[in-house]
Amino acid sequence: MLPFRSGRAGVVSAFFALLLLVLLACAVVAAEKKPQKSEARSPTPTATTAPKRKPTRPKPEEGIKDVPITAGHDAKGLVLPDFDLQGRMRGKLQAGVTRRLDDQNIEFEGVKFTTFVPETEKPDLEISMDKSVFNLKTQVLSSTVRSTVKRNDFEVAGDSMKFEMLTRLGTLEGNIKMVVRGKARTPANESE
């Protein structure tokens, strides 16, 4: 008897031929969907690969944008809170007298600006300026009179200061004095 005489072998071989054809078609379609090297994107960082204490980058829509004072009018005792996009307090500006100079610039007298740690909303820095100008567009608070920055472990003062509200970077210039508080180093406690 011949091996293919029963007809079953023809059905089985046709099934395997169809299966092979489907597999090849799937491989071709999958190859077409792969991006080429020029189109390939770099892998995006995931939460597991990012550092745990990475500072958040400020967004342009953050910061103090609207100060409810018209040009030519003064306000006393103005308090301006600064919130991030998640609604956490980043800072609080308290001014004795506030005066709008133009659409972009606001003058403050007797300023106390307090920054907060966004995660815990606990006070971090306290910046004191007798007279300063705040630019709404650049979000920079600048002063040409003596200014002081305090934290629980240091105090630094200078003749002029610029403080960027969004990035929390400040620059002091002229006659800088810094006092650092902490444990005094004596021969008795150096071994600790």
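## Strand pairing, core and salt bridges in a predicted chain

Ser128 lies in strand E4, which covers residues 122-135; strands (E, at least two residues) and helices (H or I, at least four residues) are DSSP runs numbered from the N terminus. The structure is a predicted model, in which local features need pLDDT of at least 70 and side-chain atom pairs count only at pLDDT 80 or more, while totals for chains, interfaces and linings use all residues. Residues are numbered from 1 along each chain as its sequence is written, and side-chain values use heavy atoms, with hydrogens and water left out.

With a relative accessible area of 25%, Ser128 is partly exposed; buried means under 20%, exposed over 50%, and partly exposed in between (1.4 Å probe, protein chains only). Leaving aside neighbours within four places in sequence, Ser128 is in contact with Val111, Ser147 and Thr148, where contact means heavy atoms within 4.5 Å. The C-alpha atoms of Ser128 and Ser147 are separated by 5.7 Å, and the two residues are 19 apart along the chain.

**Overall composition**

The protein chain has one helix and ten strands. Read from the N terminus, the order is α-β-β-β-β-β-β-β-β-β-β. Buried residues make up 24% of the 192 residues. Of the contacts between residues at least 6 apart in sequence, 39% join residues at least 24 apart. The accessible surface comes to about 14200 Å², and 57% of it belongs to carbon and sulfur atoms; these areas come from the Shrake-Rupley method with a 1.4 Å probe, and for residues only the protein chains shown count as cover.

**Nonpolar core**

The largest nonpolar core has 24 residues, of which Val67, Leu93 and Phe108 touch the most other members. At least two residues of this core come from each of strand E1 (74-83), strand E2 (89-100), E3, E4, strand E7 (154-158) and E8. Such a core is a set of buried Ala, Val, Leu, Ile, Met, Phe, Trp, Tyr and Cys residues joined through side-chain atoms within 4.5 Å. Beyond four places in sequence, Leu93 is in contact with Leu78, Val79, Leu80, Phe108, Val111, Lys112, Phe113, Leu141 and Met165.

Strand E8 (residues 160-164) and strand E9 (residues 169-173) run antiparallel and are joined by five bridges; two strands pair if DSSP finds at least two bridges between them. Lys162 stands opposite Thr171 in E9. Ser160, also found in E8, counts as buried at 19% relative accessibility. Not counting residues up to four places away in sequence, Ser160 touches Ser143, Thr144, Val145, Thr171, Leu172 and Glu173.

E8 and E9 form a hairpin with four residues between them, and Arg168 in the turn has a positive phi of about 65°. The side chain of Arg168 makes a polar contact of 3.3 Å with the side chain of Asp82. A polar contact is a pair of N or O atoms within 3.5 Å; within protein, one must be able to donate a hydrogen and the other to accept it, and residues adjacent in sequence count only if both atoms are side-chain atoms. Asp82 is in strand E1 and is buried at 1% relative accessibility.

Most residues other than glycine have a negative phi. Glu121, in the loop between strand E3 (105-117) and E4, has a positive phi of about 55° and is partly exposed at 40% relative accessibility. Gln139 has a phi near 60°; this residue is in the loop between E4 and strand E5 (140-143) and is buried at 1% relative accessibility.

**Salt bridges**

A search of the whole structure finds ten salt bridges, each being a side-chain nitrogen of Lys or Arg within 4 Å of a carboxyl oxygen of Asp or Glu. The table gives three of them.

| Pair | N to O distance |
|---|---|
| Arg99 and Asp74 | 3.0 Å |
| Arg88 and Asp84 | 3.1 Å |
| Asp159 and Arg146 | 2.9 Å |

The pair formed by Arg99 and Asp74 (3.0 Å) links distant parts of the chain, with Arg99 in strand E2 and Asp74 in strand E1, 25 residues apart. Arg99 is partly exposed at 23% relative accessible area, and Asp74 is partly exposed at 48%. In the second pair, Arg88 is partly exposed at 25%, whereas Asp84 is buried at 10%.

Asp159 and Arg146, at 2.9 Å, also link distant parts of the chain: Asp159 is in the loop between E7 and E8, and Arg146 is in the loop between E5 and strand E6 (147-151), 13 residues apart. Asp159 is partly exposed at 32%, as is Arg146 at 34%. Salt bridges that share partners join Asp74, Arg99, Glu107, Glu109 and Lys131 into one network.
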